[in-house]
Amino acid sequence: MSNALTIAKFGGTSVANYAAMQNCAKIVAGNPATRIVVVSAAAGVTNYLVSLAHTPMTQEQINDTVQSIIDIELAILNALKDKANIEPKLNELLDELRSLASHEEILHRNDLKDQLLSMGERMSSLMFSAVLAEQNVQTLNFDVRKVLRTDSEFGEAAPQIDAIAENAQKLLKPEIANAIVVTQGFVGADEEGRTTTLGRGGSDFTAALLAEGLDADVCEIWTDVTGVYTTDPRITPAAHPLPELSFEEAAEMATFGAKVLHPATMEPAVRKDIKVFVGSSKEPEKGGTWIVRDCEHEPSFRAITRRKEQVMVTVKTPKMMYAQGFLQQVFAIIAKHKLSVDLVTTSEISVSFTLDNPANSVAQRLNRETIAELETICDVKVEHGFDLVTVVGNHMQTGKGVSSRIFAAVSDYNLRMICFGANPHNISFLVNESDSTEIVKVLHSELFE
């Protein structure tokens, strides 16, 4: 075994069924450096689990939803060449799933929600280790909760970096000498051993955290697209994959809506200079995007992202005229509620900022509480129906004609807020959600075609 270490993560569509899992198993078996595999829940399973955790249902509806999950898992089980060893373990997990789904407190207790939400990954890692074993490799299905220590913020748990590194060296490192370890993304445990989750998209983050803890060389993110594209290919067919990206560009793209990457994934990679690869598990031969510290080329324009469901909040007080401390109060309230603000613009008596507001999430709850508290110190206006469009690139503050090309392309559209100059890697603007698809197409045509 060479000393190079690769950690491979496979997303939900990559482990959706037995055939998809076989593709992934071939990728893993074909790379001797890959010693740890992190898997998401099989496609569709997490959505069912989220419904069970958040939607009031009758017992009949609960049973139907649980049955939909069982059908997905049994289809994989029944395709295995040898299921005798796996079946009893899967049945145990299915019993746990049934009992959690019917728990009378499930809608009111975030700790139970996280236990329920972890079931998808726990089942898919069990199944994937069996599929991988069919490739004649020694495998071990490992419970990531032994290593991935988090705080107790159920639903959006924050990883404890030092504890993860210590646990990874002690518990994971000895195992990878003799077996390929298959483990769960998205899931962790707090100090008391209670199951936590890292929030949506957390499987990428898990892979990067384990890569950091084990000083890996490469973290591979296998998904259903051949790398990171110039923009979402569903918006324009002219979008094309990028051979390389810098950490900074990738972080900007992830933060501002590129679905292929989870924003937090880049942090561990940057801290330990771990190369990240993004490719398609269906077409591994097509290559993908390498994300590295320094790229060979640093073009002014690299990509365009869109983040939907943005909320614009404007806070206003006549007292703000020349007032010290008003901004500080506003941002203290936002910080207290752990919200992240993207764009900020200020005038003499008002401040506008954007908040991400994905449905069904911690953010929505926090937004309501934050706005109520802001109303105690100023007038607050909340507007919905916006998307955030961001052009990502390099040297954007200093490049001649960079901003004029962008704004000339979108001159027919109403831009509500513009953010430019704070960072050499992006220009962002808030637009009406009804215009955002056209704006991305127009920009892509001007900058990349």
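Which backbone nitrogen lies 2.8 Å from a polar atom of the side chain of Thr206? The first legend gives the residue. The model shown is predicted.

**View 1. Thr206 and the backbone of Phe186.**
The nitrogen belongs to Phe186: it lies 2.8 Å from a polar atom of the Thr206 side chain. Thr206 sits in helix 8, which spans residues 202–213. Thr206 is buried, at a relative accessible area of 0%. Leaving aside residues up to four places away in sequence, Thr206 touches Val38, Val144, Leu148, Gln184, Gly185, Phe186, Val187 and Leu198.

Phe186 is not a glycine, yet its phi is positive, about 80°. Phe186 belongs to the loop between strand 4 (180–184) and strand 5 (187–189). With a relative accessible area of 7%, Phe186 is buried, because that value falls under 20%. Asp215, also a residue other than glycine, has a positive phi near 55°. Asp215 is located in the loop between helix 8 and strand 7. Asp215 is partly exposed, with a relative accessible area of 47%.

**View 2. The largest nonpolar core, around Phe10 and Phe128.**
This core, the largest nonpolar one, has 91 residues. Phe10 and Phe128 have the most contacts inside it. Helix 6, residues 119–133, gives the most to this core, with 8 residues. Nonpolar side chains tend to be buried together in soluble globular proteins. Beyond residues up to four places away in sequence, Phe10 touches Val15, Cys24, Ile27, Val28, Val37, Val38, Val39, Ser40, Trp222 and Ser281. A second, separate core has 19 residues, including Leu415, Val431, Ile439 and Leu447.

**View 3. Helix 1 against helix 6.**
Two packed helices are described by the angle between their axes and the distance between the axes. The axes of helix 1 (residues 18–29) and helix 6 come within 9 Å and cross at roughly 60°. Helix 1 is therefore oblique to helix 6. The crossing of helix 1 past helix 6 is right-handed. Helix 1 makes the contact through Tyr18, Met21, Gln22, Cys24, Ala25 and Val28. Helix 6 contributes Ser124, Met127, Phe128, Val131 and Leu132. Cys24 and Val28 of helix 1 are also among the residues touched by Phe10. Phe128 of helix 6 is one of the two residues with the most contacts inside the largest core.

**View 4. Helix 3 against helix 4.**
Helix 3 covers residues 59–79, and helix 4 covers residues 87–101. Their axes come within 11 Å and cross at roughly 165°. The two helices are therefore roughly antiparallel, since the angle is over 145 degrees. Helix 3 passes helix 4 in a right-handed crossing. From helix 3, the contacting residues are Ile62, Val66, Ile69, Ile70, Glu73, Leu74 and Leu77. They meet Glu87, Leu90, Leu94, Leu97, Arg98 and Ala101 in helix 4.

**View 5. Helix 2 against helix 5.**
Helix 2 (residues 45–54) packs on helix 5 (residues 110–117) at an angle of about 160°. Their axes are 9 Å apart. Helix 2 and helix 5 are therefore roughly antiparallel. Their crossing is right-handed. Helix 2 supplies Leu49, Val50, Leu52, Ala53 and His54 to the contact. Helix 5 supplies Lys113, Leu116 and Leu117.

**View 6. Thr236, a buried loop residue.**
Thr236 lies in the loop between strand 7 (218–223) and strand 8 (244–246). Thr236 is buried, with a relative accessible area of 7%. Its contacts are Thr231, Lys441, His444 and Glu449, again without residues up to four places away in sequence.

**View 7. Leu339 and Asp356.**
Leu339 is in the loop between helix 11 (326–336) and strand 12 (341–346). Leu339 counts as buried, at 13% relative accessibility. Asp356 is 17 residues from Leu339 along the chain. The C-alpha atoms of Leu339 and Asp356 are separated by 8.7 Å.

Note on methods: Residues numbered from 1 in each chain as written. Predicted model: local features only at pLDDT ≥ 70, side-chain atom pairs only at ≥ 80, totals over all residues. Heavy atoms only, no water. Core = buried A, V, L, I, M, F, W, Y, C linked by side-chain atoms within 4.5 Å. Buried < 20%, exposed > 50% of the residue type's maximum accessible area, 1.4 Å probe, protein only. Helix = DSSP H or I, 4+ residues; strand = E, 2+ residues; numbered from the N terminus. Contact = heavy atoms within 4.5 Å. Polar contact = N/O pair within 3.5 Å; in protein donor to acceptor, adjacent residues only side chain to side chain. Axes fitted to C-alpha atoms, helices over the stretch in contact; angles between N-to-C directions. Parallel < 35°, antiparallel > 145°, perpendicular 65-115°, else oblique. Left-handed = near helix turned anticlockwise from the far one by under 90°.
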